[in-house]
Amino acid sequence: MLPTQITSFEHYQSEYARSVNDPEGFWAKQASTFNWRKKWDHVLEWNFEEPNIKWFQGGKLNITENCLDRHLATRSQQTALLFEPNAPGDPARHISYRELYEEVCKTGNALRELGIGKGDRVCFYMPMVPELAISVLACARIGAIHSVVFAGFSAQALADRVNDADCKMIICSDYNKRGNKNIGVKEIVDEALAIGCPSVQTVLVHRNTGEEIAWDESYDVWYHEKVDGQAAECPAEEMDAEDVLFILYTSGSTGKPKGVVHTCGGYMVYTAYSFLNVFQYQPGDVYWCTADIGWITGHSYIVYGPLLCGATSLMFEGVPTYPDAGRFWEVCAKHKVNQFYTAPTAIRALMAQGDEFTEGYDLSHLKVIGSVGEPINEEAWEWYKKHIGKDTVPVVDTWWQTETGGMMISGMGGHSPQKPTFAGYPLPGIQPCLVDKNTMQEEEGNPAAGLLAIKFPWPSILRTTWGDHLRCKHTYFSTIPGMYFTGDGARRDADGMYRIIGRVDDVVNVSGHRLGTAEVENAIDEHPQVVESAVVGYPHDIKGQGIYAYVIVGAGAGADDALRAEIVATVRQEIGPIAKPDKIQFVSALPKTRSGKIMRRILRKIAAGEQDSLGDVSTLLNPEVVEELILGRV
Ligand code: 6R9
């Protein structure tokens, strides 16, 4: 059985009303469509003060029995994962539900044999190949907690994440093919181990390209040697609804990235419910999300949501521009994709390559096209609608976060009104509101603007941040008393549709990737000649936001392009290429308040070229520096 599928806007409205009037009854009904080893005792217990949020307490389940076992009777031969490799000439792989079940079981058995059990943390550093999805599910099968790290992060960033969660194992590949690039993944894992990862006992290496890699007998194990030959049945670990399913690291406005924790029961119910409704998935459809499994979008809407609903989920190894900017559309036509889900940064990048790349492909199978990761600007929305949706296919602009686990504000396929740049209405069960940033009071009525907050828990809300519950409380539940604070600002139009404006905290969104300005500053400051730095986002045509760094260097340092290149290299090493500054301006001082705080508002304005609207600078300790910053803008 599947959760309720909404069939019209009126149906959405009645379901929404029910979900608000009787949240427990609403979610109990959805949850009862899954296989539970034991039914829950309480649907919901919560307070947002500690916070303490528990859904389906006392319920026992294993999410993989819902992703795999329960489909075997009806769709064992149907493709579960459709793998499209990096090179267009290489054959696609169709992995049926039966095959996926067997592969997950074999890998689960292998992990158990390697000493991994319930509650152990396993880190992933892998390209987009089926074995990533398989071994993520294998962890869930045996109750191990997966922590997937995007394979574009540096060795240092990987080590930080491995150590924060004391991972016992890293699963990686030898190499990662992306477009023309061949990335030495195992080499980066070795570097991370050299930095120091004392908890790691095993590195399980998937042979992806088969090229030479360094090998250390004391911890390296070949994936195929361990997995092949295992039994194709693996008893699933019985999990409590509130046992941890996974950790996923994400950036915030302060400090190091934090491990967002999701649990088994609520995450299962909500990812399936939201997948089914936003994409209006119908049996037999081919669904494709272009995200990487290293991000929450890949977790919820390549792996869990689709498989829970018995969907065919396409997984793509490559990049949108290889061999050319028509690749996405070529793949859509080739596999007759029905639902396509991507990010505004990809849309803008492809749009910039020219409309001709969209022509000549049969996109007539598309029924819903989606967007996620950052605000989609009107031009990109219109282009997407016209050139990909051929003006007839509905666009769903889905707003959500790592912390929310699933889509929160979005159209329901073609059933909802559409308006460019507006994500629209909340999903059933989601109670958003806008809060005045000064009074912290809710803004009633429409239209309205303010901080975007959520008043009531939904099943896939984060439960904690790994190893530091207080941080979770401070980051999300302290800004606005009694509510979950998203970090985003938003507007509601006269009809109550939501438009997300962007982050109101010190987080920049570069090509849909979240980065804390503090995190990038810390990385820049690692360069021996840097005294101090301040990082802000600025509008960027393709990336949405670019990174602009103001840097003070020590006496005698040559403030030139060579130093700029060194600073960029430092950031690549500390975090990874996604965090490298687009612009670096050397300055003699930063504008500071009398209490010593950097006035970022001024830095943002100058970086954006809006120096005419700086506002009042007289309260600065050093107002004279503003002139220098404006003149030296890069
Ligand atoms: C799923 C995901 C979350 C932040 C979020 C917001 C931005 C995501 C958006 C959007 C406008 C959308 N964001 N989707 N902004 N419209 N449709 O992206 O999670 O990586 O945690 O980023 O991304 O600023 O707060 P995550």
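Predicted model: local features only at pLDDT ≥ 70, side-chain atom pairs only at ≥ 80, totals over all residues.
The ligand is surrounded by 17 residues, the closest being Asp397, Thr398, Thr402, Asp488 and Arg514. By residue class, this shell divides into six nonpolar, six polar and five charged residues. Two secondary-structure elements, the helix α11 (296–308) and the strand β25 (498–503), each supply at least two residues of the shell.

Several polar atoms of the protein lie within reach of polar atoms of the ligand. An oxygen atom of the ligand is found 2.8 Å from an N or O atom in the side chain of Arg503. For the side chain of Asn509, an N or O atom lies 3.4 Å from an oxygen atom of the ligand. With Gly373 the backbone is involved: one of its polar backbone atoms is 3.1 Å from a nitrogen atom of the ligand. Taken alone, the ligand exposes 530 Å², and 96% of that area is buried by the protein.

Asp120 is located in the loop that runs between the helix α5 (97–113) and the strand β6 (121–125). Asp120 has a relative accessible area of 17% and is therefore classed as buried, the limit for this class being under 20%. The side chain of Asp120 reaches the backbone nitrogen of Gly117 at a distance of 2.8 Å. When residues up to four places away in sequence are not counted, Asp120 touches Gly115, Ala144, Ile145 and Lys168.

Note on methods:
Residues numbered from 1 in each chain as written. Heavy atoms only, no water. Helix = DSSP H or I, 4+ residues; strand = E, 2+ residues; numbered from the N terminus. Buried < 20%, exposed > 50% of the residue type's maximum accessible area, 1.4 Å probe, protein only. Polar contact = N/O pair within 3.5 Å; in protein donor to acceptor, adjacent residues only side chain to side chain. Contact = heavy atoms within 4.5 Å. Near = heavy atom within 4 Å. Areas by Shrake-Rupley, 256 points an atom, 1.4 Å probe, with all protein chains shown as cover. Nonpolar A, V, L, I, M, F, W, Y, C, P; charged D, E, K, R; others polar.
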